[in-house]
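User: I am new to reading structures, and I would like to be shown how to look at a few features step by step. Could you guide me through this one?

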Amino acid sequence: MPDPVVITAAVVGAEVTRAQNPAVPYTPAEIAAAALAAGRAGAAVVHLHARWPDGRPSQEPGHFREIIDRIRQAGSDVVVQVSTGGALGMSIEERLGALVGGAEMGTLNLGTMNFGEGVFLNARPDIVRVASRLRERGLVPECEVYDGGMLDTLGWLRAEGHLSPPYHVQFVLGVPGGLSAGERQLRFLVEGLPEASAWSVAGVGRHELPMAKLGLALGGHVRVGLEDNLFLSKGVLAAGSDQLVSLVVDRAGRAGREPASPSCARRLLGIRPTRPA
Ligand code: KMH
Ligand code: ZN
């Protein structure tokens, strides 16, 4: 039996713009369409941000509800993960707006860091607040780890009882201001997990596909999509996150891994089934 790999598609994010790549989706309809295409290509999980129609980042509950409704109305069973990271400069209260009904996972960002030219603020009390809100809503946390010390924060959350299994760890490597994307760095992080937990890797920019290959080889899961990388290959813009997912599906086959279905991903990640399998 090939080892299943959970492919997550991060279809929009908060930073990338249509000026950089015309395929970046903005409206709820466009974001839902991008998520559906990624699901058809083999993604089991979609990592969602929202935007206002002019492209500004949004954590409006109504936007997230519309995206999720559209995904479900189209008959897709893809696992829905919403971002509580939002965009730089947003308050934690605003960021929590993404936790609407229908979401199954929510991100839990594990520390403050330089993020490009700005600062991504995640003070410990706010991390605890997001963790407790996720628990109250029954959502599985996706712990976003950008640097080594954030694993210590994960251990601290566990020790203090703020976080308990099931949770999933996403190593996001190559953000300017965070840990760089490389094999040595990823191996160090995986070895530092406080307990055997499912993990995934996302490489930013040109590191996306090399990190995906490494994640496949090391037995992890993989995230790709326009949030992290706009290019299919050097100088060639991706026409959508689904194209990046297709590359990982192809690579997975060559690595002896099989893309997990959404129901398989729910089992692996400890998410309650939302509908009969
Ligand atoms: N937009 C970044 C500053 C998340 O989705 O939880 C944070 C982010 C993390 O994208
Ligand atoms: Zn995100």
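Predicted model: local features only at pLDDT ≥ 70, side-chain atom pairs only at ≥ 80, totals over all residues.

User: Which residues are the protein donors of the zinc ion (ligand 2)?

Analyst: To read a metal site, look for the protein atoms beside the ion and then for their places along the chain. Here the donors are His 47 and His 49, each through NE2, together with Glu 227 through OE, and they lie 2.1 to 2.2 Å from the zinc ion. Along the chain these donors follow the spacing H-x1-H-x177-E.

User: Which residues of helix 6 are buried, and where do they fall when seen down the axis?

Analyst: For a helix, the step is to ask which way the buried residues point. In helix 6 (residues 183-191), Gln 185, Leu 186 and Leu 189 are buried. Seen down the axis, the buried residues fall within an arc of 95°, so they line one face of the helix. Arg 184, Phe 188 and Glu 191, on the other side of helix 6, are exposed. The partners against which the buried residues pack include strand 10 (140-145), helix 5 (149-159) and helix 7 (208-217).

User: How many aromatic pairs does a search of the whole structure find?

Analyst: For rings, one reads the distance between centres and the angle between planes. The search finds four aromatic pairs. One of them joins Phe 115 and Phe 120, whose ring centres are 5.6 Å apart and whose planes stand at 75°, so the pair is edge-to-face. Phe 115 and Tyr 146 also form an edge-to-face pair, with 6.2 Å from centre to centre and 75° between the planes. This second pair links distant parts of the chain, since Phe 115 is in strand 8 (residues 113-115) while Tyr 146 is in the loop between strand 10 and helix 5, 31 residues apart. Both Phe 115 and Tyr 146 are buried, and Phe 115, Phe 120 and Tyr 146 form one aromatic cluster.

User: Where does the charged end of Arg 124 sit?

Analyst: A ring may also be read together with a charge. The charged end of Arg 124 sits over the ring of Trp 156, 3.9 Å from its centre, and that of Arg 18 sits over the ring of Tyr 26, 4.1 Å from its centre.

Technical notes:
Residues numbered from 1 in each chain as written. Chains lettered and ligands numbered in written order. Heavy atoms only, no water. Buried < 20%, exposed > 50% of the residue type's maximum accessible area, 1.4 Å probe, protein only. Helix = DSSP H or I, 4+ residues; strand = E, 2+ residues; numbered from the N terminus. Arc of directions from axis to C-beta. Contact = heavy atoms within 4.5 Å. Donors = N, O, S within 2.8 Å, 3.2 Å for Na, K, Ca; no water. Phe/Tyr/Trp six-rings, centres within 6.5 Å; stacked < 30°, edge-to-face > 60°. Lys NZ or Arg CZ within 6 Å of the ring centre and 35° of its normal.
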